[in-house]
Amino acid sequence: ALHILFIVMARSTLEIDTITWSAAISACEKGGEWEKSLQLFTLMTQCTVLPNAITHNAAISACEECGEWELALWLVRMMINSNVAFTAMTFSAVISACAKRCAWEQAWNILSVMKTEQVESNTTVYNAAISSCVNRGDWERACWLFGVMVSTVIELDTISFSAAISACEKGSEWTAALQLFSVSTYSKMEV
């Protein structure tokens, strides 16, 4: 399909816009072809078409899929340099990419950038941050993030509870895990 796109681009007199590029990048990302997704992103910038937040998010999501957190952070820096607005999805994908490669401190720092950029957080972002604590067994940070969700009225879901409980398990904190489990059963969440 990518080969066909290049042939059509070469023969066409139509100008391919940001929406078309974004759709192609997203299709590759969703198809598990993260390398092709990033190749398209690079080609797009070489064709002097300006990527928008959707385009960047698709490329960052491709980085998330393969755990290329350094590349995801580079794309965030590109967004800053190009004055492209961030979304919660941007940060969720970067945090997840960092978590997949055990880059916990970078995942944690992304939350600070999010506050600096005044991007409203959501359940997906906090779940990604809590999940980044699991492999490390950083149950204290996971529980702290869980507490922030509760205190700021960010909706908790099954992933919120499961990730926090898993972090407690990895950190050998069975009492905290049981407390979270009891809260989840009280909240009628399936964990």
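Is Glu105 buried, partly exposed or exposed? I looked it up: Glu105 is partly exposed, at a relative accessible area of 38%. (Buried means under 20% relative accessible area, exposed over 50%, and partly exposed in between, with a 1.4 Å probe and protein chains only.)

I noted the basis. This is a predicted model, in which local features need pLDDT of at least 70 and side-chain atom pairs count only at pLDDT 80 or more, while totals for chains, interfaces and linings use all residues. Residues are numbered from 1 along each chain as its sequence is written, and side-chain values use heavy atoms, with hydrogens and water left out.

Next I looked up salt bridges (a side-chain nitrogen of Lys or Arg within 4 Å of a carboxyl oxygen of Asp or Glu). The structure holds six.

One of them joins Arg136 to Glu105, with the closest N and O atoms 3.1 Å apart. Arg136 lies in the loop between helix 8 (123–134) and helix 9 (139–151) and Glu105 in helix 7 (residues 104–116), so this pair ties together parts that are 31 residues apart in sequence. (Helices are DSSP runs of H or I, at least four residues, and strands are runs of E, at least two, numbered from the N terminus.) I found Arg136 partly exposed, at 39%.

Glu105 also meets Arg141 in a salt bridge, at 3.9 Å from N to O. That pair links helix 9 with helix 7, 36 residues apart. Arg141 is partly exposed, at 21%.

Arg136 has a salt bridge with Asp138 as well, the closest N and O atoms being 4.0 Å apart. Asp138 counts as buried, at 15% relative accessibility.

I recorded Glu105, Arg136, Asp138 and Arg141 as a network of salt bridges.
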